[in-house]
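Look at the structure first, then work through the points.

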Amino acid sequence: MFHWEPAYTTLLIIAVMVVLFFYRKIPSYIVALLVMGALIATGVVPANEMFTGFSDTTTLIILFMGPVGEALIRTGAGTALGNGIISFAQGSERRVLLLVIFAGMLLSAATPHTGAFLALMPITVTVAEMSKIPVKNLMLPLAISTAFGGKLTLVGSTPNIMTNKFCTEAGVREFGFFEFGHVGIVIAVLGTILLVAFYGRKRKNTAVETSVKRQEQKIELHTYPIPQTKKGKFHMWCSVAIMVLTALLMVFIEPLEEATGINIAAVALIMAVLTVLTGCLKPAEFLEAVPWDAVLLFASLIGVGVAMEQSGAAQLIASGILGLFPNASPMALLAIMFLTSGIIAQFMSQTAALGIMAPIFLLVGQEAGMNPQIVLMAVCTAVGLAVATPIGTPPNVVAAARCGYTFGDFMKVGIPVMLIAFVVSMVMLPMIYPLMA
């Protein structure tokens, strides 16, 4: 066992992980599993705590929402929905892209953004295949759009709900249901323009390029096949009903959990089992539909987040950055809080990042006489829009595992999105909330 300080050991291991992610010679989920092993072997985190990611709610949602989405494809419902989207788009690739982005934002504003992404992913793959658009031109915009939607309402993401708990602890008013959207809607509009400008560029209509694009698309679709199985209308409507019921239950998950004890992961489990009981999926098809690579990758990354928290690596980074600016003004401190939270959230779960950063920055803000509400909203916004890496959000994790995006793919569009969120937040938050307590 190494005798280095746990925080430095963790940061070194994470640095190696990032390099291996860039290298791409080893599958990302294998890299993440190796990192778990390294963190256990070096004594950073006990094994039983490192494996908590495999029972995490989001991991279970990723696991069980796979079959729910697959049922739409196997029964032909996905094709029908895809036809509707393509017909509405009237042959325009940009319109298809916009419809995918809007669908992601709207659904993730009503349900947790991970569930929204997994529900729309198979439909997006079908639309890409039918409209002859490379899957990579739609899947990453879908993942990022769900992050936008998660910043529109209280229930859009877990960090939003957690932020209200910190408001209570700080003795200030909790944020309203649509209050996150005051800044979030501006970020969503500007971010959508960016995504359309980046992914909606017209491709040259040459035979050679079309052939290459189709070959690329077949490679991408190999990781998430569209079965040609045809089932009856009964099964098709069953699959649609299961998806709609899933979305409704996720919208009203808080009263449901209070009344019955059923949480969002249990909803996904029950709905997944229903796909087999209703005949929408055969047992073998159920197993094929589970995105095991994404499950392993995300569960492992939860362990990385645990290591950053328990080893003190996250606090070390935050303290180091704040230490560089000992005489910063309150406005400069707000900017530092946003950027630090956004950077740290790129490499751990959003929930863990908020749980670590919020208490630290509430104390910093208190010493500077800052309003706790503006501090918490800045941190929550930064954490929720950590989309510049393939491990920043659960939808990013799944998109990377399913479509083979590189770190560079996420950085090209994710960094501009983060900069938009930063600028909008720095301009609008002081207009909405008093900077000082």
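The largest pocket of this predicted model holds about 930 Å³ of space. Its lining is made up of 38 residues. Thr 57, Thr 58, Thr 158, Pro 159 and Thr 351 are the ones closest to the centre of the pocket.

**The largest pocket**

- Several helices give two or more residues each to the lining of the largest pocket, among them helix H4 (57-74), H7 and helix H9 (158-170).
- Helix H13 (253-260), helix H16 (292-311), helix H19 (350-368) and helix H21 (394-403) also belong to that group.
- By class, 18 residues of the pocket lining are nonpolar, 14 are polar and six are charged.

**The largest cavity**

- The structure has four cavities of 30 Å³ or more.
- The largest cavity has a volume of about 60 Å³.
- Which residues line the largest cavity? They are Ile 85, Leu 99, Val 100, Ala 103, Leu 120, Ile 123, Thr 124, Val 127 and Leu 142.
- Helix H6 (93-110) and helix H7 (113-131) each provide at least two residues of this lining.
- H7 has the largest share, with four residues.
- Eight residues of this lining are nonpolar, one is polar and none is charged.

**The second largest cavity**

- The second largest cavity contains about 50 Å³ of space.
- Its lining is formed by Met 65, Leu 107, Thr 111, Gly 115, Ala 116, Ala 119, Met 243, Thr 246, Ala 247 and Met 250.
- Two or more of these residues come from H7, and two or more from helix H12 (233-251).
- Which element gives the most to the lining of the second largest cavity? H12 does, with four residues.
- The classes here are seven nonpolar, three polar and no charged residues.

**Cysteines**

- How many disulfides does the structure hold? The count is zero.

**Two threonines**

- Thr 42 sits in the loop between helix H2 (28-41) and helix H3 (47-50).
- Is Thr 42 buried or exposed? Thr 42 is buried, because its relative accessible area is 12%.
- A polar atom of the Thr 42 side chain lies 3.3 Å from the backbone oxygen of Leu 39.
- Thr 192 is part of helix H10 (residues 181-199).
- With 6% relative accessibility, Thr 192 counts as buried.
- What does Thr 192 touch, not counting residues up to four places away in sequence? The contacts are Leu 98, Ile 101, Phe 102, Met 105 and Phe 148.

Key:
Residues are numbered from 1 along each chain as its sequence is written. This is a predicted model: local features need pLDDT of at least 70, side-chain atom pairs count only at pLDDT 80 or more; totals for chains, interfaces and linings use all residues. Side-chain values use heavy atoms; hydrogens and water are left out. On a 1 Å grid over the protein atoms alone, a cavity is a set of points where a 1.4 Å probe fits but cannot get out, and a pocket is an open set with protein on both sides within 12 Å along at least five of seven lines; lining residues have an atom within 4 Å of a point. Grid points are joined across faces, edges and corners, and a volume is the space filled by probe spheres set on the points. Ala, Val, Leu, Ile, Met, Phe, Trp, Tyr, Cys and Pro count as nonpolar, Asp, Glu, Lys and Arg as charged, and the others, Gly among them, as polar. A disulfide is a pair of cysteine sulfur atoms within 2.5 Å. Buried means under 20% relative accessible area, exposed over 50%, partly exposed in between (1.4 Å probe, protein chains only). A polar contact is a pair of N or O atoms within 3.5 Å; within protein, one must be able to donate a hydrogen and the other to accept it, and residues adjacent in sequence count only if both atoms are side-chain atoms. Contact means heavy atoms within 4.5 Å.
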